[in-house]
Amino acid sequence: MDQLFNIDFKKISSHSKKEVLERKKFFELFLKAGLPNKKDENWKFSDLHTIICQNFKQIQNYDDFKFDKKIEFIKDFDHNHIIIVNGVFKSFDLSFEEKDKVKIKNLNSLESSSNLSSNNLHNLNKALSIGGFNLEVEKDYKCKKPIIIYNYFASNLDNKIINNSNKIKLNQNSELILIEYNFGAKSKFFNNNFEKINLNNGSSLKNFVIQKTKCNGYFYKNISGTQDYNSSYQNFILSSGLKFNKIEINMDLEKENSNCYILSGLGLGNEEHQEIKTQINHLAPNCKSYQKIKNVLANDSNGVYQGKIFVKDIAQKTDAYQLSKALILDDLAEFNAKPELEIYADDVKCSHGSTSGSIDEDAIHYLMTRGIELSNAKKLLINGFLNEIFENLPEQYIKTFSEKIIKEQIDGI
Amino acid sequence: MKSSELKNQEYKYGFSTDIENFKAPKGLSEKTIRFISEVKKEPKWMLDWRLKAFNRLKVLKEPDWQKPKYPKINYQDLYYYSAPKSMKDKPKSLDEVDPKLIETYNKLGIPLNEQKRLSGVAVDAVFDSVSVATTFKGELDKKGIIFCPISEAIQKHPELVKKYLGSVIPISDHYFATLNSAVFTDGSFVYIPPNTKCPMELSTYFRINASETGQFERTLIIADKGSYVSYLEGCTAPMRDENQLHAANVELIALDDAEIKYSTVQNWYPGDKDGVGGIYNFVTKRGACRGKNSKISWTQVETGSAITWKYPSCILQGDNSVGEFYSIAITNNHQKADTGTKMIHLGKNTRSKIISKGISAGKADNTYRGLVDIGAKAKNSRNYTQCDSLLMGNKCGAHTVPYIKNKNSSSTVEHEATTSKINEDQLFYCNQRGLNQEEAVSLIVNGFCKEVLQQLPMEFAVEAQKLVSISLEGSVG
């Protein structure tokens, strides 16, 4: 582990000597336990240690933040934006919103909470964090247009590590649509991102993760959040095309009538490995959670879903649902799932389902007898399989936009 | 069954038999193992095998990933061998068996006495560490079926034992399996010759009687080509306020076209209402479908034990082989169960089916933990899993932890699970028709379990239904 990481702490801007010491302390903690491997239950199906060691000889941190390229904005619909280049928060534009209703600030690092994390990547993040953004929406303000986060990765990132973090807070009865739009040059790097979400009474956050181009990056994203009365969190993960991606979502439904939706539609191709891990904690009565994960796996791709629903004894009338479906197209592809329920309240409705299999041969036969050739018939069925997710996307303009992207991906399979 | 009857039936097998015991010295050591081997008059290869396991045990650690946590077991404070004194020189017929023992089994309702038999089930009864008697020997011999205590098989059929013992559960498997390999005392051995259908149900009855003992039985069942056997297993233990360890190993081997049906009604002492005492049931059960078209079917009704921790598994090696797992796990008061299965698909066209019903009441915790692993070569395989949990009250827990792996594009895996409480409309309907709350719950729960109960052989099904009702007694209202 010592040899793999070649870290220069001088490259990270720190405010004080104390901070440098703090960072070094966390880095040592990280080195002690190393990258998580499959002995760790959370990483059972995605052995990060092996994956990183196989693909990286040496990992360095990064301090060249010069950027002069012009970013191509999405023209399909009006939006506000935040620009992040190589993990660093660059600029923002909120021209569609009222003044002072949405606040975006630079975030230096996660509040240095000295409490130790059992997630060793959190220690790594704290040690090497290069900051991020802090987004807050004022009370009773409903954003008029979505905010797109342009997450650009340049070409000079080979063998680099990027640790960043962001915070999102929605005050009472506010609403926001946030689109994470990842694109960039094909360099091979490791991004370790932590995000904190705080949804107050009656607020609603719709979060989309869209991957534009194929990318050789290795991504780990950890989202943890808390939800107050009547709040709603929806996350739509459409991030196909990454070499490695693990998205971990931990949501605490702390107060009554809050709800959490996680939908994902992924088409994975050659040498791609994606994992979605969720833990939804139902801590109050009358909350609802809904998860639907759909994977299309081609070539030697690897799809993983680990979902856990926890229902506390007082959380009566919980309604929780979990479904993962995988379409395996090739013999080298693999799908692993662990849909888990841990329930301590009796008056609940909790269920989960998981299926994996190949394309229905009868359906292909049906289409072929009607003059559709094999490859087109397959595409049609794959499209139908994923459509269940896309149909449920809110906002028509996003639906149209993401359908365009997924069509390109399916054609690529 | 009327509710008044229900109330009085706490744990009716909780008596202990006052019988003189012959025990090994306390503690786990090479000396103990040599002692067991010597008492059993075992050949040297068997002793070597045990010692190999014991050496392996020294480097193994007790697993700690399972949900039910328990206080550390002091392995040096246990007796590893306990036998009724009268069994030291083996009785040749039932007449020579200590009448007190026969009385114990009569109390338990085990048909040891061939003359008085009604049910027509061949029984091997294991009392603490030794096998007491095996019935119906003559009739089975005629067909060439071997059904005897494993200690006898080691002496009389060493070639079979040598070939198959440890071939499904290797001695290095995990802590409790290895412990069993080192110190196992008795158990049943079954061999069904090719193209033979075993004419009756074979049954073993296990009873832990002596205190401070662990029971380590080992069962080995081999179904040769084209044969069929149905095997039943029942267990009870006296009420004691200490925890007793039961770590058994069961190995099944099905060759080409053979079928083994293994049914268990596990009713070890579950501890009292406050969770004092009870059996730790840490059992390793595994079957290998070695041959083509072979089938292994596990059915279990788990109502007893303070902690149950077992995963009867199928390794589907042969092409077209089938694995099935039907389970009811009922936990009440402070009981904890962490049970499920593993279906490992290796051969082509292999099929598996898992039906698991978990019922949790009182302050109990019930976990289904299962693995379905479809290998890259297991083309056209299928699995269907259904696990339902029923919760009664908000002090208990029901958990589902399935692991699903599919490495194959032509195989299909389906899994579904639900957790709910007893439907109030159903309860109301029953109440309206004059059933009281407890009777209604018992009826509904029996209906909930029906899919599994149907898989049990006749004699067991009746007993199991009663058990389901008794286990939930006092959990309503």
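The model is predicted, and local features need pLDDT of at least 70, side-chain atom pairs count only at pLDDT 80 or more, and totals for chains, interfaces and linings use all residues. Residues are numbered from 1 along each chain as its sequence is written, while chains are lettered from A and ligands numbered from 1 in the order in which they are written.

Strand E8 of chain B covers residues 218-223; strands (E, at least two residues) are DSSP runs numbered from the N terminus. Six of the six residues of E8(B) are buried, a term that requires 20 or more other C-beta atoms, placed from the backbone, within 10 Å of the residue's own. B:Arg218, B:Leu220 and B:Ile222 point one way from the strand, and B:Thr219, B:Ile221 and B:Ala223 point the other way.

E8(B) has parallel neighbours, where two strands pair if DSSP finds at least two bridges between them. Strand E6 (residues 188-192) of chain B is joined to E8(B) by four bridges, and B:Tyr191 has B:Ile222 as its bridge partner. Strand E11 (residues 249-254) of chain B is joined to E8(B) by six bridges, with B:Ala254 opposite B:Ala223.

The contact between the chains takes 31 residues from chain B and 31 residues from chain A, two residues being in contact if their C-beta atoms, placed from the backbone, lie within 7 Å. On the side of chain B, strands E23 (397-406) and E24 (412-421) each supply at least two residues. Strand E20 (residues 334-343) of chain A runs antiparallel to E23(B), joined by six bridges, and A:Ala337 stands opposite B:Ile404.

Terms used. Buried ≥ 20, exposed ≤ 12 C-beta atoms within 10 Å, placed from the backbone.
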